[in-house]
Amino acid sequence: MANSFEFFTEAGLVKYTGYKADSLRSLLEGIESVSGSSIFYHLHHALFRWHFETGGHLNDFARWCWRQLQENLLAEKLSSVDPMSYISIHEARQDLIQHLKMHIGEVESLPRIPKGREFYFSEIKSFIIPTGHVATDLQTFYDAISRVDSYSIFYHLIEARIRMEKPENDFSVWIRDELQEYQLAERIEQLSPYVYNLYELRSKLLEMIQGRLHGE
Amino acid sequence: MANKITLDSYEEYIPKSELDTIRILADKLGKVKIQQINSTRLGGGVAEILAHLLPLMQDLGLMVQWDVMQGSPEFFNVTKKIHNALHGTRAEFDHSELEVFKEITAKNNQIIRDDFDIHVIHDPQPVGLVDTREKAGGQWIWRCHVDLSEADNRVWGFLRQWVENYDHAIFHLPDYAKDLLIDQIIIPPAINPFSEKNRELTEEEITSVLERFHIDPDLPIMLQVSRFDRLKDPVGVIRSFRLVQQYLPCQLILAGGGASDDPEGAQVLQEVYEEAEGLEDVHILNLPPNSNFEINALQRAASVIVQKSLREGFGLTVTEAMWKSKPVIGGNVGGIRRQILHRSNGMLVQSVEGTALRVREILADPVLAERLGENAHKYVRENFLLPHYLKNWLLVFHSVLKQGMGVVRL
C-alpha cells in the first residue's frame, strides 16, 4: 500500500530587510548581500503574488526595472530567470547577478530614481501548516487538490522544492514513487506558473488526474 | 449591520479552504493572551479596524482585550502635533510639551496587563507604555499606522527611544518603515466588505443618493472621493475633466469633507469652486463625516473612479473603489501603485493630461472598463479583505512566539 501524501499549506509573514535600492548598482549590491529568504520572496514568492499576470514580468526585480527604471531590456532578461529551473536559491541569485553585471557593463550611466520609488528588499518568514487533508490514492489525491487552498498548491508545486533543494515538485514525486503513475508525474512536473495562473494550475491538475482516473 | 459578522460570513468572498487555514492558525496559538492598546475607542481608522478585527479574533477563540489609554486635552494637543510632524509638517516642541507626553504615559502604565503574553500598541500616542515591559513581561509589538517616510527627524528621534524597545514594529508598506534595529513587519491594511461603506447596495438605494444630489443617472460619472486637500489634487482632477469633456459627454463628482474645521481644507475647497466655475456637470459635494452610505452609493454609480493623489498613504479609498468592480485611475504614488497594476486591474497616471487620456479610454471602451473592474475586485478579494489582515496578525503572534527567519513548521 502506498505511503500517504499529507497536504500542507504555506502562509508567509513579510519583513522589510532595511535595505533599499535606488539604482541598478544598489540593486545589484542588494541582490548580492540580502538573505536567501529575500531572494526567495522577490523571485519565487512573486510568482504567487503576481500569478494572474502570466506572460508579464513575474518577479519583483524585473517589474521594478521595467516600471521604475524603464530598463526594458534588462527587465526582459531578469524575467527570463525562471525560479522553477533552479534547485537552490544560490543558483538563481548567481544568474540574477550575472544579468545585472552584464547590463551595468553595457550602459553609459546608472541614473538614480526619486525618493519613494526605490526597491525595498523584503524577506519572508514562511509558516508551513498542516491542512488535515491526506491522500492515499489517486481519487483521494484528486479530492484533496480540489479542497485545499491556493497556497497549498503553491507550496507543493513551487516552494517545497526550492526550500528543500529538491529537483522536482512534491506532487510528481509522490505520484511517481508511491502510485507508479510515471506519465502523470511527468505531466505535472511540466506545469508552469509562467503559463497558468494558480486557479488554472489547480484546474489543470484536476483535469490531468481526472483523465487518469477515467483511464486515459 | 443586522447580523453578527463572523469568519463564516466571509465564505461569500473567500474560499472556505483559506478560511480553514486561518482557523488552524488560531487553534495553534492555544491560550495566548493578547492585549491591544490605542488612544481612542471611537473615531479614526485605528479604532474602526480594531472594532472590526477584534470580534473576529474573539470568534476564533483568541483571548484578546482592547484597552484605551486615557489622555488630557494637553496630551492630545501634543500627540496631534507629533502626528503632523511624523507626516512631515515641521513643528516646534517646547520642553513642557514633551514632559506632558511622558507624564500622561506614566499615568497610563497601570493599564498594562502583566498576565498577558503579547502587548500590541497602536500608533505614537501610547508608544511609551513599553517602559513597563520589564515588569509586565511578554512580547511587545508597535503597530504604526502612520507613514514615517517624511517624518521630522527630531520628533522621530524622540519616539524612537521607545520604538527600539519593542520586539517588532509593523508598517503598512516598506516605504513607511525606518532604519530600526528591531524586526519590521509589513502588513497592508484591509477593508470590511460588510461595512456601510462597502456593503452591496440595491439599485433603489443608489438611485436615492443620486436623486438627493441632483446627479443625472444617465450621464457617465467620473468620481473622486477624498477630502479637499492639495495632496489629493482635486483641482488637477477638474482640469482633467475639462479635457475629457471636449471629447465625451460626462459629469464629474468630487466628494469629500472635513473642510469646515480645517482652514487649509476650506481654502482648497474655494480653489476647487473657482476652478470649476463655468463648467457644466460638475458636482462638488462637501459631505459631513461618516457619509459612508452616500460614498458607497456614489462609488457604485460611477463609470470611472479617479484617485489622482500627488502623495498618498496606502489609499484605502482606492481599495474600496476596486472592491466595487470599478475601473480605477490612480496617481502613481505610495500605496496606490502597490494596489493598481497598470492596465491589468486599473490605470496609473502621473499628470492631468494622462488622467484625461485614461478616463477617455475607459469611457470609450466598456469591455476594457469591465475587465479592469473585474480584475480590481478579484485583486482586493485575494489580498485586502479583513480575513487577510486577520491572517497576518495570527502569523505575527506565531512569529513573536517563534523567533528567527526561514521556515517554521506549525
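Reply: In this predicted model, an open sheet of 9 strands runs in the order 2(B)-1(B)-3(B)-4(B)-5(B)-6(B)-1(A)-2(A)-13(B), and its pairing is mixed. Strand 2 (63–68) and strand 13 (407–409), both of chain B, are the edge strands, each pairing on one side only. From one strand to the next the twist averages 25°. Helix 7 of chain A, residues 150–163, packs on the sheet. This helix touches strand 1 (5–21) and strand 2 (119–135) of chain A as well as strand 13 of chain B, and its direction makes about 70° with that of strand 1 of chain A.

Within chain B, strand 1 (residues 33–38) and strand 3 (residues 118–122) pair in the parallel sense over 4 bridges. In this pairing B:Ile37 has B:Ile121 of strand 3 as its bridge partner.

Chain B itself is divided into domain 1 (7–190 + 385–401) and domain 2 (203–383). The C-alpha centres of these two domains of chain B lie 31 Å apart, and their contact takes 15 residues from domain 1 and 13 residues from domain 2. About 1,100 Å² is buried between the two domains, with carbon and sulfur atoms giving 57% of that area. On the domain 1 side, B:Tyr13, B:Leu173 and B:Leu385 lose the most area to domain 2, together 36% of what that side buries.

Polar links cross this interface too: 6 residue pairs are in polar contact between the domains of chain B, and 2 salt bridges are found across their interface. B:Asp175 forms a salt bridge with B:Arg338, where the closest N and O atoms are 2.8 Å apart.

Notes
Residues are numbered from 1 along each chain as its sequence is written. Chains are lettered from A and ligands numbered from 1 in the order in which they are written. This is a predicted model: local features need pLDDT of at least 70, side-chain atom pairs count only at pLDDT 80 or more; totals for chains, interfaces and linings use all residues. Side-chain values use heavy atoms; hydrogens and water are left out. Two strands pair if DSSP finds at least two bridges between them. Helices (H or I, at least four residues) and strands (E, at least two) are DSSP runs, numbered from the N terminus. Axes are lines fitted to C-alpha atoms, for helices over the stretch in contact, and angles run from 0 to 180 degrees between N-to-C directions. Contact means heavy atoms within 4.5 Å. Domain bounds come from an automatic or database domain assignment. Buried area is the accessible area (1.4 Å probe) that two parts lose on being put together, summed over both. A salt bridge is a side-chain nitrogen of Lys or Arg within 4 Å of a carboxyl oxygen of Asp or Glu. A polar contact is a pair of N or O atoms within 3.5 Å; within protein, one must be able to donate a hydrogen and the other to accept it, and residues adjacent in sequence count only if both atoms are side-chain atoms.
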